[in-house]
Every structure is written in C-alpha cells, then in structure tokens.
Amino acid sequence: NPILITGKHLEPADFKRMIKEDKDVVLVDMRSNYEHKVGRFKGAITFDMDNLRELPDHMDEIKHLKDKKIITYCTGGIKCEKASAYMKHKGFNDVYHLEGGIIEYARQVKNQGLENKFKGKNFVFDERLGEKINDEVIAHCHQCGTPCDNHTNCVNEACHLLFIQCDECKTQYNNCFI
C-alpha cells in the first residue's frame with residue numbers, strides 16, 4: 001500500500017540543521033487553524049483547515065513545490081507522519097517529517113540548549129490548550145484584537161467554538177464568543 005510509505009523521520013537537531021543550511025527546504029504545518037494561529041515555525045506554509053481530513057483540498061496550493069525538500073510538522077508527530085505519506089503518494093518525492101513533532105522539538109531545544117526556531121505557543125490537546133515554546137505572542141484576541149495566545153472553548157452550549165480570547169474579554173463576555 002503506497003500510503004504507508006511515509007516521509008523520512010528527522011530528529012529535532014537534524015531538523016534545525018536542515019532548515020538553517022538548506023535553502024531548498026519548505027516547511028509545511030499540518031495542524032489546524034486554531035493550532036497554527038498561536039504558534040508556528042517562521043516561514044512555514046499553513047493551510048486554512050479545521051482538521052487533517054481537509055488536506056486533500058489544499059494540495060493544489062503546494063503542487064508547485066513537488067521538486068523541493070518538504071518538511072512537515074505537527075504537534076506530536078502523528079498528523080505529519082500521515083500527511084508525509086499522503087504527500088509521497090501524491091508525487092512529492094523528497095518529504096520529511098519532524099520526529100515527535102513540536103512537543104519533542106521543544107523538549108530537545110530545552111534539554112540540549114538548541115536555538116529555538118519555533119515562534120509562539122504550541123497548542124496541546126489537554127486542559128492547558130497550549131504550551132509556551134517561547135515568549136513571543138503571534139496571535140490576537142478574536143474580540144478586541146489585543147495580542148493574546150490563550151484559547152477559550154466557548155461555554156455556550158450551541159457554540160463550543162475554540163477561539164483566542166484575552167482575559168479582559170473572557171471576563172466581559174463570560175467565556176463566550178459573542
């Protein structure tokens with residue numbers, strides 16, 4: 001089954017070296033909108049998608065990059081492994097993915113004293129909804145526009161939208177989007 005042939009695994013140190021030294025490398029973020037809005041690698045291509053199942057709808061956006069070295073990344077490595085396999089299946093030849101995702105990258109950056117190339121916060125799928133990788137805030141409150149990278153799950157039963165909301169708006173709007 002050709003879909004099982006994934007991209008080459010890259011350890012964080014090799015990933016860092018490759019994006020620094022190889023000008024032919026293109027980073028592709030395989031996470032959803034709500035994830036890459038609060039943090040991503042500088043210069044990475046992001047897709048306007050709610051989940052990875054929408055990836056086939058976005059392949060035309062990067063088809064001109066089939067001859068480049070593509071490195072996919074995601075939160076913990078699972079989505080980008082699937083995505084790298086799909087890309088290889090679609091004719092991308094030189095595909096890699098960040099082993100262990102942003103979580104492992106951040107751990108190794110901290111433990112090995114590597115230069116951090118990730119900007120902002122990594123969205124995580126637990127009650128924290130995010131883990132600071134550095135102090136840079138690249139997102140804004142959806143309600144007032146102030147710099148903010150905190151996600152709120154709207155408490156309105158009809159909504160449950162996951163969105164970025166500052167503390168002031170969280171109080172003013174009672175943890176709701178509207």
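Which residue in E6 is the bridge partner of glycine 39? In this predicted model, the partner is glycine 120.

## The open sheet

The bridge between these two glycines belongs to a pairing of E3 with strand E6, residues 118–122. The two strands run antiparallel and are joined by 3 bridges.

E3 and E6 are part of an open sheet of 3 strands, whose order is E3-E6-E7 and whose pairing is antiparallel. Strand E3 (39–41) and strand E7 (131–132) are the edge strands, each pairing on one side only. Across E3 and E6 lies helix H4, formed by residues 101–112. The direction of H4 is at about 115 degrees to that of E6.

## Helix H3

Helix H3 covers residues 78–89, 12 residues in total. From its first C-alpha to its last, H3 reaches 17 Å, which is close to the 16 Å expected at 1.5 Å a residue.

The buried residues of H3 are Cys80, Ala83, Ser84, Ala85, Tyr86 and Met87. Buried residues of this helix pack against two strands, E4 (69–73) and E5 (95–98). Just after H3 comes glycine 91, with a positive phi of about 100 degrees.

## Aspartate 135

Aspartate 135 is placed in the loop that runs between E7 and strand E8 (151–153). This residue counts as exposed because its relative accessibility is 69%, and the cut-off for exposed is over 50%.

Between aspartate 135 and lysine 119, the C-alpha to C-alpha distance is 8.2 Å, while the two residues are 16 residues apart in sequence.

Conventions: Residues are numbered from 1 along each chain as its sequence is written. This is a predicted model: local features need pLDDT of at least 70, side-chain atom pairs count only at pLDDT 80 or more; totals for chains, interfaces and linings use all residues. Side-chain values use heavy atoms; hydrogens and water are left out. Two strands pair if DSSP finds at least two bridges between them. Helices (H or I, at least four residues) and strands (E, at least two) are DSSP runs, numbered from the N terminus. Contact means heavy atoms within 4.5 Å. Axes are lines fitted to C-alpha atoms, for helices over the stretch in contact, and angles run from 0 to 180 degrees between N-to-C directions. The expected span of a helix is 1.5 Å times one less than its number of residues. Buried means under 20% relative accessible area, exposed over 50%, partly exposed in between (1.4 Å probe, protein chains only).
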